[in-house]
Amino acid sequence: MSSIKKLFKYGFVTLICLTFFSPFSITAARDIKIKLNNKFLHLDQKPVIEKGTTLVPFRAILEELGASVEWNEKNRTITCRKKSIKVIMKIGSKEMLVNSKKVILDVEPKIINNRTLIPLRAVSQAFDAEVEWNPDTYTAEINTNETTQTDIIRSTGKKAYTASELKSIINQITENRSSLDKSSAGEFITLLNQINAFERTVKNYGNLTDTDKLAEIQSQYKIYIEKLKNFASKNGITLKN
């Protein structure tokens with residue numbers, strides 16, 4: 001057998017082995033769904049699965065769990081608090097601190113498509129929530145065994161306006177920022193500053209159960225979401241649902 005034929009033969013066998021037996025084989029992508037207390041969450045970044053671990057956008061999931069969230073750009077750390085529980089994670093590190101106790105993660109928090117993703121099960125369990133995986137529907141189901149802020153609002157029969165929805169609109173406008181003229185860019189920055197000040201105030205409230213205060217916060221979220229939508233429409237920016 002000529003050397004060229006041998007090379008082709010062994011190369012083909014190697015390719016077959018890598019395709020079917022490699023632990024890094026690529027499988028067909030499916031949309032992963034997340035449920036919290038039997039309600040589907042609409043995240044602005046699709047969850048992904050890596051080494052059997054579901055990774056989700058950190059701010060949206062943590063705020064839905066009722067935790068306050070802080071991002072330290074310099075140290076690339078995420079600090080989240082809920083009642084007496086404090087969790088700290090660092091991008092690229094498998095070590096998570098839960099009230100100063102070390103927990104080793106299967107997959108570290110990481111940045112994908114400029115978004116920070118964290119391991120869903122480990123973080124949810126740190127806040128005493130239960131997580132079940134349904135392989136038939138490709139759904140991660142979280143049960144907190146408690147009433148969340150969103151539950152309280154939805155119990156009144158009203159639409160819940162969330163921080164993740166607000167963030168999604170801001171991100172979409174930011175992606176189209178180069179198309180804004182100087183006046184519109186200034187208007188957007190002013191609006192962002194107002195929203196940031198509002199969210200700092202909300203963070204200081206902690207995990208609210210006061211329905212009146214929640215309704216007040218919801219009203220303000222609605223106002224800012226509507227302002228952003230009007231701004232996008234005025235500047236020819238099409239928002240995705």
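Among contacts in the chain between residues at least 6 apart in sequence, 54% join residues at least 24 apart. The model is predicted, and its chain holds seven helices and 13 strands. Of the 241 residues in the chain, 37% are buried. The accessible surface of the chain amounts to about 15000 Å², and carbon and sulfur atoms account for 51% of that area.

**The antiparallel sheet β3-β4-β11-β10**

- Four strands make up an open sheet in the order β3-β4-β11-β10, and their pairing is antiparallel.
- The edges of this sheet are β3 and β10 (110–112), each of which pairs on one side only.
- From one strand to the next, the twist averages 40 degrees.
- Strand β3 (residues 48–50) pairs with β4 in the antiparallel sense over three bridges.
- Within that pairing, I49 is placed opposite T54 of β4.
- The two strands β3 and β4 form a hairpin with two residues between them; in the turn, K51 has a positive phi of about 55 degrees.
- On the pairing of β4 with strand β11 (residues 115–119), the sense is again antiparallel, over three bridges.
- Here P57 stands opposite L117 of β11.
- Strand β4 (residues 53–57) is mostly covered, as five of its five residues are buried.

**The mixed sheet β2-β1-β13-β12**

- A further open sheet consists of four strands in the order β2-β1-β13-β12, with mixed pairing.
- Strands β2 (39–40) and β12 (130–134) are at the edges with a single partner strand each, so one side of each has no neighbour in the sheet.
- Strand β1 (residues 33–36) and strand β13 (residues 139–143) pair in the parallel sense over four bridges.
- The bridge partner of L36 in β13 is I142.

**Y138 and its surroundings**

- Residue Y138 is located in the loop between β12 and β13.
- Along the chain, Y138 and R30 are 108 residues apart, but their C-alpha atoms are separated by 7.7 Å.
- Apart from residues up to four places away in sequence, Y138 touches R30, D31, I32, K33, I49 and W133.

**Q172 in helix α5**

- Residue Q172 lies in helix α5 (residues 163–175).
- With a relative accessible area of 11%, Q172 is buried, because the cut-off for a buried residue is under 20%.
- Beyond its neighbours within four places in sequence, Q172 is in contact with I237, T238, L239 and K240.

**Aromatic pairs**

- The count of aromatic pairs comes to five.
- One of them is formed by F58 and W71; this pair is tilted, with 6.2 Å centre to centre and 45 degrees between the planes.
- The pair links distant parts of the chain, with F58 in helix α2 (residues 58–64) and W71 in strand β5 (residues 68–72), 13 residues apart.
- F58 counts as buried at 9% relative accessibility, whereas W71 counts as partly exposed at 28%.
- F198 and Y224 form an aromatic pair that is likewise tilted, at 5.6 Å centre to centre and 45 degrees between the planes.
- Because F198 lies in helix α6 (residues 182–205) and Y224 in helix α7 (residues 211–234), this pair ties together parts that are 26 residues apart in sequence.
- F198 is buried, with a relative accessible area of 12%, and Y224 counts as buried at 9% relative accessibility.
- Ring pairs join F198, Y221 and Y224 into a cluster.

Note on methods: Residues are numbered from 1 along each chain as its sequence is written. This is a predicted model: local features need pLDDT of at least 70, side-chain atom pairs count only at pLDDT 80 or more; totals for chains, interfaces and linings use all residues. Side-chain values use heavy atoms; hydrogens and water are left out. Buried means under 20% relative accessible area, exposed over 50%, partly exposed in between (1.4 Å probe, protein chains only). Two strands pair if DSSP finds at least two bridges between them. Contact means heavy atoms within 4.5 Å. Axes are lines fitted to C-alpha atoms, for helices over the stretch in contact, and angles run from 0 to 180 degrees between N-to-C directions. Accessible areas come from the Shrake-Rupley method with a 1.4 Å probe; for residues, only the protein chains shown count as cover. Rings of Phe, Tyr and Trp (its six-membered ring) pair if their centres lie within 6.5 Å; planes under 30 degrees apart count as stacked, over 60 as edge-to-face and the rest as tilted.
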